Every structure is written in structure tokens, then in C-alpha cells.
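Please look over the sequence and the structure below before reading on. The report that follows takes up the strands, the helices and the side-chain contacts in turn.

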Amino acid sequence: MNKPDERIFLSKAELLAIEDRIRLSRHVERYALLRQYASGHVLDIACGYGSYLLQTNPDVTHVSGVDADAGAITHATQHFQTAKTSFHAATIETYTSAKPVDMVISIETIEHLENMQAFCDFLDRNRVQKFIITYPSKKTTHYNDYHFHDLNLGQVKNIFSAFRLQRHFNWEHEFDVCFFSLL
């Protein structure tokens with residue numbers, strides 16, 4: 001009796017489509033994980049669907065999504081606008097919130113910044129008292145042209161030395177999560 005073949009045969013296109021779905025699912029998972037910590041007026045840096053997920057937390061009064069890409073802002077406004085969200089086309093170097101900020105959430109953004117000081121200046125300009133960031137915990141600059149930095153916890157603590165690291169954990173050996181508050 002012949003046993004069925006246990007091999008899985010995929011085309012390259014099928015394989016890459018599955019990989020894309022996994023990557024997207026993991027990114028959505030990050031927002032779903034972190035929304036439980038969000039409260040008050042939240043700035044979501046490099047925004048979109050994540051702003052919508054964050055605003056579903058009843059402790060969140062408003063989410064201001066900020067992104068340098070006007071197309072991303074148009075898309076977010078069309079698909080994720082609610083009474084608790086607003087979207088702003090601005091760079092991290094120029095954005096200033098019109099109302100007090102209770103916290104910033106930035107999911108895998110800092111590795112995209114050529115000038116890391118720009119994020120610190122943004123936090124200072126917006127009088128941010130606490131923020132949560134995530135970043136890849138593995139080397140990514142060799143295959144992702146949009147990443148300027150491969151970071152480790154020591155470097156991140158040094159970049160944000162004006163803040164105290166309240167909590168840190170690594171999620172499935174894929175990305176680090178850091179909770180910071182002002183000293």
C-alpha cells in the first residue's frame with residue numbers, strides 16, 4: 001500500500017503570499033498586545049490600522065495617528081476614522097500635538113529613522129511622560145532597505161536616557177518591547 005506523500009508543494013508566489021500574511025498578522029498582533037496598556041490621549045507614530053485597534057480600549061480617550069506618508073493618512077482616514085481617532089500627515093521632526101499627550105506608542109518605527117535624536121526631540125516637544133516602543137530584536141538592515149539601524153536594549157536605553165525603562169520583554173525572539181517613563 002502506498003502512503004500519501006507528506007511533502008508540501010507550493011509555488012514561489014504561494015510561498016511569498018503566505019509569508020506576507022504571517023508578517024501582517026504578526027504586526028497586527030503587536031497592536032493587539034499593546035492596546036491593553038494604552039490610556040488617555042495616545043499618539044500612534046507610523047499609524048494606520050493600529051490607531052483603530054488602540055482606540056478600542058475603553059481607557060483611551062483619543063488616538064492621534066501620525067505618519068509622514070500622506071497616502072497612509074488618506075487610507076487611514078478612509079478606513080479607520082472614528083470619533084476617537086484623528087490622522088495627521090507630518091514627520092516626527094515637525095509634528096506637535098494640539099492637545100496634551102498621555103502616551104506615545106511606536107511599533108517598529110525607530111529603526112526606520114536615520115536620525116534617532118529626532119524621536120527624542122519629538123518626545124520633548126510634545127512633553128511626553130511615557131511611551132512604548134517596539135523594534136526588531138534581530139539583524140534586519142541587511143535585507144530591509146528601510147531599516148537604518150539594528151538595535152539592542154543597551155543602545156535603546158542609551159538613546160532614551162532621559163527616560164526610565166519601566167519594563168522590557170522580548171516577544172518570541174522577534175521584537176523587543178520597551179515601556180519608558182520620564183525620570
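## Strand pairing around β7

In which sense do β6 and β7 pair, and over how many bridges? In this predicted model, the two strands pair in the antiparallel sense, and eight bridges are found between them. Three residues separate β6 from β7 in the hairpin that they form, and within the turn E172 has a positive phi of about 50°. Across this pairing, R167 stands opposite F179 of β7.

β7 is also joined to β5, by seven bridges, and these two strands run antiparallel. One of the positions along β7 is C178, which is the bridge partner of I133. The strand is mostly covered, since seven of the eight residues of β7 are buried.

## Helix α1 and what covers it

Helix α1 comprises residues 12–34, and its 23 residues should span 33 Å at 1.5 Å a residue; the C-alpha atoms at its ends are 34 Å apart, which agrees with that expectation. The buried residues of α1 are R30, Y31, L33 and L34. The elements that cover these buried residues include the strands β1 (40–45), β4 (103–107), β5 (130–136), β6 (163–171) and β7 (175–182), together with helix α2 (49–55).

## Salt bridges

The count of salt bridges comes to five. One of them is formed by R23 with D20, whose closest N and O atoms are 3.0 Å apart. R23 and D20 are three residues apart in helix α1, and are therefore separated by about one helical turn.

Because the cut-off for burial is under 20% relative accessible area, E108 counts as buried at 15% relative accessibility, and R30 counts as buried at 4%.

R30 also forms a salt bridge with E174, where the closest N and O atoms are 2.7 Å apart. Since R30 lies in helix α1 and E174 in the loop between β6 and β7, the pair ties together parts that are 144 residues apart in sequence. Both R30 and E174 are buried. Through salt bridges that share partners, R26, R30, E108 and E174 are joined into one network.

## Aromatic pairs

Which kind of aromatic pair do Y37 and F179 form? The count of aromatic pairs comes to twelve. Among them, Y37 and F179 form an edge-to-face pair, with 4.9 Å from centre to centre and 80° between the planes. Y37 lies in the loop between α1 and β1, whereas F179 lies in strand β7, so this pair ties together parts that are 142 residues apart in sequence. Y37 is partly exposed, with a relative accessible area of 27%, whereas F179 is buried, with a relative accessible area of 11%.

W171 and F175 form a tilted pair, with 6.5 Å from centre to centre and 40° between the planes. W171 is partly exposed at a relative accessible area of 23%, while F175 is buried at 2%.

In α4, the residues A118, F119, C120, F122 and L123 are buried. The buried residues of this helix pack against β1, β4, β5, β6 and helix α5 (153–159). Just after α4, R127 takes a positive phi of about 50°.

A70 is found in helix α3, which covers residues 70–80, and this residue is partly exposed, with a relative accessible area of 48%. Although A70 and A89 are 19 residues apart in sequence, their C-alpha atoms are 5.3 Å apart in space.

Methods:
Residues numbered from 1 in each chain as written. Predicted model: local features only at pLDDT ≥ 70, side-chain atom pairs only at ≥ 80, totals over all residues. Heavy atoms only, no water. Helix = DSSP H or I, 4+ residues; strand = E, 2+ residues; numbered from the N terminus. Buried < 20%, exposed > 50% of the residue type's maximum accessible area, 1.4 Å probe, protein only. Expected span 1.5 Å × (residues − 1). Contact = heavy atoms within 4.5 Å. Salt bridge = Lys/Arg side-chain N within 4 Å of Asp/Glu carboxyl O. Pairing = 2+ DSSP bridges. Phe/Tyr/Trp six-rings, centres within 6.5 Å; stacked < 30°, edge-to-face > 60°.
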